[in-house]
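Please read it alongside the sequence and coordinates.

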Amino acid sequence: MKRIMHIVQSPGGVERYIQMFLKYIDKNKYENVLVCSEDYSKEYYLDYVSAFEYVKMIREVDIVCDLKSIINVRKFIKKYKPDIVYCHSSKAGAIGRIANVGLHNRVIYNPHGWSFNMECSRKKKNFYQWVERWLAKLTHSIIAISDYERESALEKHICKPEKIKVIYNGIDIDDYDQKFSCYHLSRKDLDISEEAYVIGCVGRLSKQKAPDIFIRAAAKIRELIPDAYFLMVGSGEEQLRIEQLVTEFKLQDCVHITGWVDNPMEYVMLFDQAMLLSRWEGFGLVLAEYMWAKKPIVTTKVDAIPELITDRFNGLLVEKDDVKAVEEAALCIYKDKELSEKMCEEGKRIVVEHFSMQRVITEHDKLFENTSNE
């Protein structure tokens, strides 16, 4: 039996990925150890891992804190002696790979979206690229979650082509199918009228996910669809700013921000249409969840998203930060029921055929075997 140590810092989508991964990986072949930031809840993982360890890891660059994190992670690597160290996300990827220098195992890294593809200064992008190039030398295999992510890495000369493999993200379709009959959240629970036309989004209230564009578009859409209601599922560093925008546009009576929730799919089931207006996106896992739920989608034409969504086939694509385009797409779905239903049917078919977590596990299993035999 091979022992895999997963090192992870980032909450949100990465955490959901880790939860699904640990649930489905073959426990007869792999023993899993989880080393994670304090954002993670130990109780959830007790059935899936043989050991669970907290290390203080923060998203921001902090030399003192990061050095302590590296020292503590190295102690755990020495303690558990994993066959494979699997680092998830850029911060844990840096900490884990530096901590592992000189130790005898194989290192796999999944950035879950490259940091140098974020909207930031050229100086920061260059720094992130330099760090990733240097750390790639300490890595046996790199996983890209989309073709865009792989091509982006090769364009920036992060590593040689043979070192990076594409494994698309997936969702827990079986779990969603089983839980569907147990979803009891209703519009009444959220004080939403049964007659309302609900437009929703799921994701962190962060610059990346463009919640400001969602609210600006909501103000325009409300003028055209008087019974429109807007549901934002998530929390984040932009929440206060978004609440201020809601007040500025006088949308207090038709916008509800849930904050962090454990069951986002129950909220998705209340949507009449779903949006993801990201400014950059390595994959867009929530799009697969929208497709499973058969919700018509409006999303941005950025990075990897066109690999999941084909315009007017299983969703509508718009340019990022284009409030007018979002408004027009939302109105198109509202008016064109035939197009909406067709996109929902195609979306469901695509997600079932291509984006199951079982497929993700099968591809990882092959990678683990190949990595161990090198």
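A salt bridge is taken here as a side-chain nitrogen of Lys or Arg within 4 Å of a carboxyl oxygen of Asp or Glu, and the structure holds 28 salt bridges. This is a predicted model, in which local features need pLDDT of at least 70 and side-chain atom pairs count only at pLDDT 80 or more, whereas totals for chains, interfaces and linings use all residues. Residues are numbered from 1 along each chain as its sequence is written, and side-chain values use heavy atoms, with hydrogens and water left out.

| Pair | N to O distance |
|---|---|
| R187 and D272 | 2.9 Å |
| R279 and D321 | 2.8 Å |
| K294 and E345 | 2.7 Å |

Helices (H or I, at least four residues) and strands (E, at least two) are DSSP runs, numbered from the N terminus. In the salt bridge between R187 and D272, R187 belongs to the loop between helix 7 (173–179) and strand 8 (197–202), while D272 belongs to the loop between helix 10 and strand 11 (273–276), 85 residues apart. Burial is judged by relative accessible area (buried under 20%, exposed over 50%, partly exposed in between; 1.4 Å probe, protein chains only). By this criterion R187 is buried at 11%, whereas D272 is partly exposed at 28%.

The side chains of R279 and D321 also meet in a salt bridge. R279 lies in the loop between strand 11 and helix 11 (285–292) and D321 in the loop between strand 13 (316–318) and helix 13 (323–335), so this pair ties together parts 42 residues apart in sequence. R279 is buried, with a relative accessible area of 10%, and D321 is partly exposed at 38%. Both residues belong to a network of salt bridges that links D212, E238, R241, R279 and D321.

For K294 and E345, whose side chains meet in a salt bridge, the partners sit in the loop between helix 11 and strand 12 (297–300) and in helix 14 (residues 337–354), respectively. K294 is partly exposed at 37%, and E345 is partly exposed at 47%.

Two further residues are described by their surroundings. L251, in the loop between helix 9 (239–248) and strand 10, is buried, with a relative accessible area of 3%. Leaving aside neighbours within four places in sequence, L251 is in contact (heavy atoms within 4.5 Å) with I215, A218, A219 and V246. T258 lies in the loop between strand 10 (255–257) and helix 10 (264–268), and the side chain of T258 reaches the backbone nitrogen of G234 at 3.3 Å.

Note on methods
Polar contact = N/O pair within 3.5 Å; in protein donor to acceptor, adjacent residues only side chain to side chain.
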